[in-house]
Amino acid sequence: MQKYDIVIIGGGPAGLSAGLSAKKAGIDSILILERDSELGGILNQCIHNGFGLHTFKEELTGPEYASRFIEQIIDKDIEYRLDTMVLDISPNRIVTAMNKTEGMFQIRAGAVILAMGCRERPRGALNIPGYRPAGIFSAGTAQRLVNIEGYLPGKEVVILGSGDIGLIMARRMTLEGAKVKVVAEVMPYSGGLKRNIVQCLDDYQIPLKLSHTVVDIEGKDHIEAVTIAEVDSNRKVIQGTEKRYTCDTLLLSVGLIPENELSKNAGIEISSVTNGPIVNESLETSISGIFACGNVLHVHDLVDFVSEEAGKAGESAALYVLKSKETRDDVNENLSNVIVNRTNLTDSESLGDLRTDTIINVKAEEGVRYTVPSKIRSLHVNKFINLRFRVGNVYKNSFVSVYLDNERVIHNKKRILSPGEMEQVVVTKEMLCQKTDLKNITLKIESE
């Protein structure tokens with residue numbers, strides 16, 4: 001059986017960043033497994049710009065952003081295998097995979113990092129009546145057809161859903177000569193970033209109809225038209241609001257789902273809200289030594305945030321491997337320095353005190369849909385921790401509040417909060433240390 005200190009599943013932006021971070025933390029035995037024929041993941045088909053403003057302080061296209069990381073992977077001799085499909089991960093971190101050159105093989109990993117990304121929600125999840133003709137694509141599939149394969153799916157386009165990929169494809173199809181007639185969104189707010197609404201719809205006079213959905217699809221062999229109608233607050237169709245649009249293409253941009261079949265089969269605890277693993281402050285899942293980052297954990301707005309999060313996962317996995325190589329009673333000097341720096345312990349404190357770690361639950365209430373992480377081990381927080389979260393509705397002139405048990409310690413005013421924008425709040429270690437018996441951290445949206 002092959003052995004590696006760290007096995008990373010997925011060679012997209014999350015997997016690449018995690019690998020580089022683990023290498024920087026002192027791990028040399030790293031393997032990235034990628035099912036596609038090249039590294040970079042979804043970025044390879046995202047030829048629009050807007051990537052890298054946080055990471056590289058300049059605006060890049062998706063392939064340019066990916067190449068920055070791929071070059072570093074090659075330069076640092078981090079091993080990777082392409083066209084390799086992972087079939088199973090056991091709870092004791094044995095990874096089963098296969099490819100056409102090695103057949104089926106197994107790897108014993110000191111730590112595993114899940115970086116499989118996400119997939120688009122299919123039409124079957126929408127319950128749209130009508131036939132199932134040709135001409136219906138997910139927005140991501142259309143993006144690949146146009147940007148990678150060089151095919152234009154159609155000339156008259158209707159888009160259902162206002163996720164970022166759908167908004168970007170509205171502009172892309174327009175630039176390729178197609179006519180995008182309307183973008184319909186069943187929710188009363190857009191699911192995409194505000195900047196994409198402005199740059200991809202408003203700048204091209206493409207109408208966005210909120211609280212609207214497709215209620216009928218015409219055509220047997222190929223799509224000929226769709227009917228769109230307004231819906232009420234319960235998403236029930238309002239009779240008399242139907243409008244018919246002739247089209248030869250319907251693009252679906254109706255949400256992303258983290259790719260967690262491997263995670264579920266391994267027995268990892270999954271959040272019912274994000275459909276990603278439940279993780280602690282180190283991005284470690286409910287199974288020791290298995291970490292998760294990027295869109296397999298929760299769907300991100302910006303790839304820069306994916307890279308940042310994955311960097312932390314790589315660092316945490318490296319620390320886990322280093323700790324596992326030494327016993328509690330015989331921690332070498334280098335590892336002691338790593339742990340002291342990581343947990344912010346003083347020289348006079350014993351590493352054995354880590355056994356007294358307490359688990360703090362992070363709760364999402366009153367407008368907050370979810371938080372990442374969901375649990376915090378008190379002594380594993382460095383100087384601060386970022387709590388990332390999404391809200392469940394649009395809130396204007398509201399406050400993001402953080403409570404340590406019943407004491408409010410953060411009360412930040414926000415002009416606008418929307419589900420399409422991921423938010424974050426910083427909790428410092430100093431705040432956590434003020435309450436020795438802290439049990440819960442709660443995030444809420446408050447009006448005053």
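Which residue stands opposite Val 157 in β17? Thr 249 does.

This is a predicted model, in which local features need pLDDT of at least 70, side-chain atom pairs count only at pLDDT 80 or more, and totals for chains, interfaces and linings use all residues. Residues are numbered from 1 along each chain as its sequence is written, and side-chain values use heavy atoms, without hydrogens and water.

**View 1. Strands β11 and β17 run parallel.** Four bridges join β11 (residues 156-160) to β17 (residues 249-252). Strands (E, at least two residues) and helices (H or I, at least four) are DSSP runs numbered from the N terminus; two strands pair if DSSP finds at least two bridges between them.

**View 2. Five strands form an open parallel sheet.** Their order is β10-β17-β11-β12-β13. The edge strands, β10 (136-138) and β13 (208-210), each pair on one side only. From one strand to the next, the twist averages 20 degrees.

**View 3. Helix α3 lies across β10 and β17.** Helix α3 (residues 139-149) runs at about 90 degrees to β10. Axes are lines fitted to C-alpha atoms, for helices over the stretch in contact (heavy atoms within 4.5 Å), and angles run from 0 to 180 degrees between N-to-C directions.

**View 4. The second largest pocket has a volume of about 440 Å³.** Of its 18 lining residues, the closest to its centre are Glu 308, Lys 312, Phe 384, Ile 385 and Asn 386. α7 (303-324) and β23 (384-391) each supply at least two lining residues. A pocket is an open set of points on a 1 Å grid over the protein atoms alone where a 1.4 Å probe fits, with protein on both sides within 12 Å along at least five of seven lines; lining residues have an atom within 4 Å of a point. Grid points are joined across faces, edges and corners, and the volume is the space filled by probe spheres set on them.
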